[in-house]
Amino acid sequence: IYLTGRTGSNFDLPGYPRLPLPCGGSSHPDAFLAKLSGNGTLQWAHNLASTPQPGVPCAFDHAFGVVTNRAGSVAFITGQTLGVMPGETSKGAMDGFVARYEADGTRTWVRQFGTQPPSTSSGPLNLYDRPYGIAMNPAGDLFVAGDTIGSFGTPNPSIDRQDWFIL
């Protein structure tokens, strides 16, 4: 059983050390993934935290969806970040992300993606990309669905309104 979402505090459980809180000691949400056994016993839990974008005092991360491969040996989460994920670059204000975890909780990669503001946009802070769900077909291909105010470009340009996407 895998659970994902956001947490406003670090996990302070045996074997999961409490991390120092950024932003002057106040908490900011991090994405998390947790694995439970069939009887509900916690196997592991890990935060996924970004670093703040230049000029932004804090980062914000929230996972909305999780999917596993058929064997349950690999889990993928998707969500949004107002930050920069490890090894990635920010694409706009609020970007989407997908992260892969092995069954033992090891994160093997994270990818950050985002859109550019449409030409009629009222500014980059109004730009967001918000993935809500993730699915995998029998061939192992991932599909991410969400909404955006940005533009993924042609052939589907935005008209500065909220648009849905499937990647």
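Q: Where does Thr115 lie?
A: This is a predicted model, to begin with. Thr115 lies in a loop, between strand S7 (107–113) and strand S8 (129–136).

Q: Buried or exposed, that Thr115?
A: Buried. Its relative accessibility is 1%, and the cut-off for buried is under 20%.

Q: Which side chains does the Thr115 side chain join in polar contacts?
A: Asp129 is one, with a polar contact of 2.7 Å between the side chains. Thr148 is another, at 3.4 Å.

Q: OK, zoom out. How many helices and strands does the chain have?
A: Zero helices and ten strands. From the N terminus the order reads β-β-β-β-β-β-β-β-β-β.

Q: And what share of the chain is buried?
A: Of its 167 residues, 41% count as buried.

Q: What about contacts between residues 24 or more positions apart?
A: Take the contacts with a separation of 6 or more. Residues 24 or more positions apart account for 50% of them.

Q: Let's do strands. Why is S2 described as largely enclosed?
A: Strand S2 covers residues 30–36, and six of its seven residues are buried. So the rest of the structure largely encloses it.

Q: How does S1 run relative to S2, parallel or antiparallel?
A: Antiparallel. Six bridges join strand S1 (residues 2–7) to S2. As an example, Arg6 has Ala31 as its bridge partner in S2.

Q: And S2 with S3, how many bridges?
A: Six bridges, and that pairing is antiparallel too. Leu36 has Leu42 as its bridge partner in S3.

Q: What sits between the strands in the hairpin of S2 and S3?
A: Five residues. In this hairpin, Gly40 takes a positive phi near 90°.

Q: Switching to aromatics. How many aromatic pairs are there?
A: The count is four aromatic pairs. One of them is Trp44 with Tyr101, and that pair is stacked. The centres are 6.5 Å apart, with 20° between the planes.

Q: Which strands hold Trp44 and Tyr101?
A: Trp44 lies in strand S3 (residues 42–48), and Tyr101 in strand S6 (residues 95–102). The pair therefore ties together parts that are 57 residues apart in sequence.

Q: Now charges. How many salt bridges does the structure hold?
A: Two. One is between the side chains of Arg100 and Glu102, at 2.9 Å, N to O.

Q: Are Arg100 and Glu102 buried or partly exposed?
A: Partly exposed. Arg100 has a relative accessible area of 25%. Glu102 comes in at 22%.

Q: And where do Asp147 and Arg130 meet, what distance?
A: Their side chains meet in a salt bridge of 3.2 Å, N to O. Asp147 lies in strand S9 (residues 142–148) and Arg130 in strand S8, so the pair ties together parts 17 residues apart in sequence.

Q: How accessible is Asp147?
A: Asp147 is at 0% relative accessibility, so Asp147 counts as buried. Arg130 is at 23%, so Arg130 counts as partly exposed.

Q: Last one. Where is Thr106 found?
A: Thr106 is in the loop between S6 and S7. At 40% relative accessibility, Thr106 counts as partly exposed.

Q: What does Thr106 touch, not counting residues up to four places away in sequence?
A: Arg100 and Tyr101. Arg100 is in the salt bridge with Glu102, and Tyr101 is in the stacked pair with Trp44.

Q: Which side chain does Thr106 join in a polar contact?
A: That of Asp104, with a polar contact of 2.8 Å.

Q: And how far is Thr106 from Val74 in space?
A: The C-alpha to C-alpha distance is 9.7 Å. In sequence, Thr106 and Val74 are 32 residues apart.

Conventions. Residues numbered from 1 in each chain as written. Predicted model: local features only at pLDDT ≥ 70, side-chain atom pairs only at ≥ 80, totals over all residues. Heavy atoms only, no water. Helix = DSSP H or I, 4+ residues; strand = E, 2+ residues; numbered from the N terminus. Buried < 20%, exposed > 50% of the residue type's maximum accessible area, 1.4 Å probe, protein only. Polar contact = N/O pair within 3.5 Å; in protein donor to acceptor, adjacent residues only side chain to side chain. Phe/Tyr/Trp six-rings, centres within 6.5 Å; stacked < 30°, edge-to-face > 60°. Salt bridge = Lys/Arg side-chain N within 4 Å of Asp/Glu carboxyl O. Contact = heavy atoms within 4.5 Å. Pairing = 2+ DSSP bridges.
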